[in-house]
Amino acid sequence: MRTFMLIAFLIFSHGVGAETEDGVHSIVKGKAGEPHLVKFNSGVVKFIEQGEEEKLAAFEKQIKKPIIQNKMLLLEPSEFEPTPVSDAEIKNIFSRMNPYMSRRSECSDRAHVWAWDEFRKSGTKSEKAFLFLTNAYIVRNRYKWWYHVAPMYTTTSGQKMVLDYQFLDRPVTFTEWKNTFVFSKRECVTEFKFLDYDTGADQSQDCYTKAEPMYYFIPLDIASHERGQTKTTWTEFEVNASRSRAFFKGSN
Amino acid sequence: MKTNKLIVLLALLSLVSCGKDSGGGSSKSGAKETQSAFMELVEATPGTYYGVLRPVNFHSNGFIPYGMATFTLKEDQLQVSTTMDDDQAVPHRQTLHLGTRCPSLSDDTNGDGFIDYQEAQAVVGPVLVPLDNDLNSQKAGEDVFPRGPGMTYNKTASLQKINTDLWQADEDPSDNVIKLENNKGIGFENRVVLIHGTTSGSQLPSSLASYKDEEANISLPVVCGVLKKID
């Protein structure tokens with residue numbers, strides 16, 4: 001099985017054009033008295049105050065329409081199943097995670113490399129836990145990220161455990177992970193389409209969450225899936241680029 | 001690897017008056033009294049000690065800080081490097097502690113949702129070395145700390161000078177900075193690095209204890225890590 005995956009990886013790992021640079025994902029124009037939000041693909045949010053519309057215009061020019069040019073993306077529904085692992089193995093996986101993060105590393109890069117490294121070592125399929133914050137929440141808390149992502153593993157008892165090595169010193173349940181980053185600790189919306197969230201989430205909510213296959217790198221991959229193009233394997237370029245951005249050279 | 005384990009001199013503890021707080025704040029009580037929980041100190045051997053610095057108070061503002069600490073000992077030369085990604089343009093008091101773990105929300109004894117200076121000190125223990133402008137002594141370079149945002153700190157020192165300073169008499173037994181028994185050298189394995197400081201604009205409760213008369217936002221612990229030898 002792993003041999004097959006390796007072959008598939010080698011076949012499909014050339015010439016792909018996944019979105020990897022920290023481009024502008026979207027812009028949310030603030031109402032009177034509220035800042036404008038510039039959301040980047042990395043998850044970073046930049047606040048542009050009212051009266052600084054020139055800055056905002058510069059960011060608007062950077063918005064790119066998503067171009068699906070990745071040959072690996074297949075027009076098939078995903079049937080991804082994470083590999084169940086024991087509680088003891090969850091701890092082992094955590095202890096194997098690359099601890100040498102570089103400055104200003106982004107969660108999407110870290111999560112992608114950690115998930116790939118474990119898959120390469122043990123063949124374990126993990127998921128990505130995505131947390132999306134609403135614009136209302138971001139403005140209220142001057143929060144500097146609009147989403148966060150980390151690797152998530154499923155235990156043999158069905159428990160979802162998130163391994164967010166940069167921020168937490170142990171594996172935690174999905175709920176504990178979510179509560180760490182959502183100050184209000186309110187429940188998040190779980191049944192939704194990312195495209196709907198992206199075009200106008202329910203601003204009475206604080207957060208939305210999704211569990212996605214380990215291959216998904218950034219929210220645009222979720223959007224692509226919802227448009228009918230599902231990512232079903234790794235992209236060498238994407239993993240390598242993430243590693244170079246998020247970890248010290250030679251630390252894998 | 002050298003394995004002789006060193007014991008911190010507890011005799012000094014008898015000099016400490018329980019509950020004494022001479023700083024005007026609430027930072028000092030319990031610091032040296034609880035040393036017995038942190039006694040085991042393995043003398044440093046050449047190599048690199050590394051720790052991931054993780055957030056202590058996630059909710060102090062909208063930017064969740066993180067970083068790393070590296071202590072490299074080569075012969076007599078110690079190089080200390082700490083970095084922290086934050087967006088807080090404030091000085092970041094940073095210290096190496098005798099404790100062996102970082103505080104978590106379970107250490108929030110007053111239940112205000114934050115780990116304040118005093119609650120953190122109870123966990124990380126007394127200060128071995130302030131990571132300030134001069135690592136060679138606890139006093140020299142005092143209170144000159146790196147400043148954010150995007151803090152980077154690099155200092156070198158002599159291990160012999162650090163130990164010689166640690167063997168001096170404790171000039172202020174009431175503070176949270178300790179001395180070591182003569183000829184018992186400093187160690188880094190499993191020791192804690194703690195960094196403080198967030199902006200005044202942060203929404204913090206009035207219940208926070210601070211260091212001396214410092215503003216609560218400056219005293220607030222922001223990241224913490226435990227050093228492990230990696231080579």
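**Exercise 1. A loop residue in chain B**

In which loop of chain B is Leu131(B) found? Determine also whether Leu131(B) is buried or exposed, and list what Leu131(B) touches.

*Solution.* The model is predicted. Step 1: Leu131(B) belongs to the loop that runs between strand 7 and strand 8 of chain B. Step 2: within 10 Å of Leu131(B) there are 24 other C-beta atoms. The cut-off for a buried residue is 20 or more, so Leu131(B) is buried. Step 3: setting aside residues up to four places away in sequence, Leu131(B) touches Val80(B), Thr82(B), Gln94(B), Thr95(B), Leu96(B) and Tyr153(B). Step 4: Gln94(B), Thr95(B) and Leu96(B) lie in strand 6 (residues 94–97) of chain B. Step 5: Ser206(B) is 75 residues from Leu131(B) along the chain, and their C-alpha atoms are separated by 28 Å.

**Exercise 2. Strand 6 and its partners**

Describe how the residues of strand 6 of chain B point, and state with which strands strand 6 pairs.

*Solution.* Step 1: from strand 6, Gln94(B) and Leu96(B) point one way, while Thr95(B) and His97(B) point the other way. Step 2: all of these residues are buried, whichever way they point. Step 3: strand 6 pairs with strand 9 (residues 192–196) of chain B in the antiparallel sense, over 4 bridges. In that pairing, Thr95(B) has Leu194(B) as its bridge partner. Step 4: strand 6 also pairs with strand 7 of chain B in the antiparallel sense, here over 3 bridges. The bridge partner of Leu96(B) in strand 7 is Val129(B).

**Exercise 3. The buried face of helix 2**

Which residues of helix 2 (residues 159–166) of chain B are buried, and why do they line one face of the helix?

*Solution.* Step 1: the buried residues are Leu159(B), Ile162(B), Asp165(B) and Leu166(B). Step 2: viewed down the axis of helix 2, these buried residues fall within an arc of 130 degrees, so they line one face of the helix. Step 3: the elements that cover them include strand 4, strand 5 (77–85), strand 7 (127–130) and strand 8 (151–158) of chain B.

**Exercise 4. Cores and the contact between chains**

Which residues touch the most other members of the largest nonpolar core, and how many residues of chain A are in contact with chain B?

*Solution.* Step 1: the largest nonpolar core has 56 residues, and Leu53(B), Val193(B), Val223(B), Cys224(B) and Leu227(B) touch the most other members. Step 2: apart from this core lies another, of 54 residues, among them Val113(A), Tyr137(A), Trp146(A) and Tyr208(A). Step 3: outside four places in sequence, the contacts of Leu227(B) include Tyr49(B), Phe71(B), Phe188(B) and Val193(B). Step 4: between the chains, 13 residues of chain A are in contact with 13 residues of chain B. On the side of chain A that touches chain B, 5 residues are nonpolar, 3 polar and 5 charged.

**Exercise 5. Confidence in chain B**

*Solution.* Step 1: chain B averages a pLDDT of 84, and 83% of its residues score at least 70. Step 3: pLDDT stays under 50 over residues 1–31 of chain B, although the model has 71 contacts beyond four places in sequence for them. Step 4: where pLDDT is low, the predicted coordinates should not be read in detail. Step 5: the model as a whole scores ipTM 0.82 and pTM 0.84.

Technical notes
Residues numbered from 1 in each chain as written. Chains lettered and ligands numbered in written order. Predicted model: local features only at pLDDT ≥ 70, side-chain atom pairs only at ≥ 80, totals over all residues. Contact = placed C-beta atoms within 7 Å. Nonpolar A, V, L, I, M, F, W, Y, C, P; charged D, E, K, R; others polar. Core = buried A, V, L, I, M, F, W, Y, C linked by C-beta atoms within 7 Å. Buried ≥ 20, exposed ≤ 12 C-beta atoms within 10 Å, placed from the backbone. pLDDT = per-residue confidence, 0-100. Helix = DSSP H or I, 4+ residues; strand = E, 2+ residues; numbered from the N terminus. Arc of directions from axis to C-beta. Pairing = 2+ DSSP bridges.
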